[in-house]
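Hi everyone, thanks for making the time. I'd like to walk you through one model today, so let me put it up on the screen.

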Amino acid sequence: MTIAINARGLHFLSSKTRETLQSFGYASVYRWGGSSTQFTIFLFNDDEDNVDEATMYTSQAPDMASLILDYINAIMANSED
């Protein structure tokens, strides 16, 4: 599985076809964090009214956490204008 992060949110892609399997906007991001080798994200599931957890093992975990924070900060800054 491949994780893609962009201005629209977090996307889980098929590693083989790069087809989007599931996407989550930043409004669904409940919490995230990790270490140098592990990244965990908690996503609010509207359909079931609960929070789902996804943990990934990657050396890019700090970059993923920073990127999510940067996008959320940019969204918040734009909403204040």
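Let me start with how the elements are named: helices (H or I, at least four residues) and strands (E, at least two) are DSSP runs, numbered from the N terminus. Now the ground rules. What you see is a predicted model, where local features need pLDDT of at least 70 and side-chain atom pairs count only at pLDDT 80 or more, while totals for chains, interfaces and linings use all residues. Residues are numbered from 1 along each chain as its sequence is written, and side-chain values use heavy atoms, with hydrogens and water left out.

A word on confidence. Here pLDDT is the predictor's confidence in each residue, from 0 to 100. The chain has a mean pLDDT of 92, with 99% of its residues at 70 or more. Strand β2 (residues 9–13) has the highest confidence, at 95, and strand β4 (residues 29–34) the lowest, at a mean of 91.

Next, please look at the loop between β5 (38–45) and β6 (50–57), where Glu48 sits. Asp49 belongs to the loop between β5 and β6 too. How accessible are they? I call a residue buried under 20% relative accessible area, exposed over 50%, and partly exposed in between (1.4 Å probe, protein chains only). Glu48 counts as exposed because its relative accessibility is 54%, and Asp49 is exposed as well, with a relative accessible area of 59%.

Which residues make up the patch of negative charge on the surface? The members are Asp46, Asp47, Glu48, Asp49 and Asp52. For the rules: patches take residues with over 30% relative accessible area and no salt bridge, joining like charges within 9 Å and nonpolar side chains (Val, Leu, Ile, Met, Phe, Trp, Tyr) within 5 Å. A salt bridge, in turn, is a side-chain nitrogen of Lys or Arg within 4 Å of a carboxyl oxygen of Asp or Glu.

Now some backbone angles. Asp49 has a positive phi of about 55 degrees, although it is not a glycine. Arg18, in the loop between β2 and β3 (20–24), also has a positive phi, near 65 degrees. For context, most residues other than glycine have a negative phi.

Let me finish with some pairs that are separated in sequence. Tyr30 lies in strand β4 and is exposed, at a relative accessible area of 54%. Its C-alpha is 5.3 Å from that of Leu43, 13 residues apart along the chain. In strand β6 we find Ala54, which is partly exposed because its relative accessibility is 21%.

Tyr57 and Gly34 are 23 residues apart in sequence, and their C-alpha atoms are 9.5 Å apart. Finally, Gly25 is in the loop between β3 and β4 and is partly exposed, with a relative accessible area of 29%.

Definitions and conventions:
Accessible areas come from the Shrake-Rupley method with a 1.4 Å probe; for residues, only the protein chains shown count as cover. Lys and Arg count as positive and Asp and Glu as negative; His and the chain ends are not counted. The place of a charge is taken as NZ of Lys, CZ of Arg, CG of Asp or CD of Glu.
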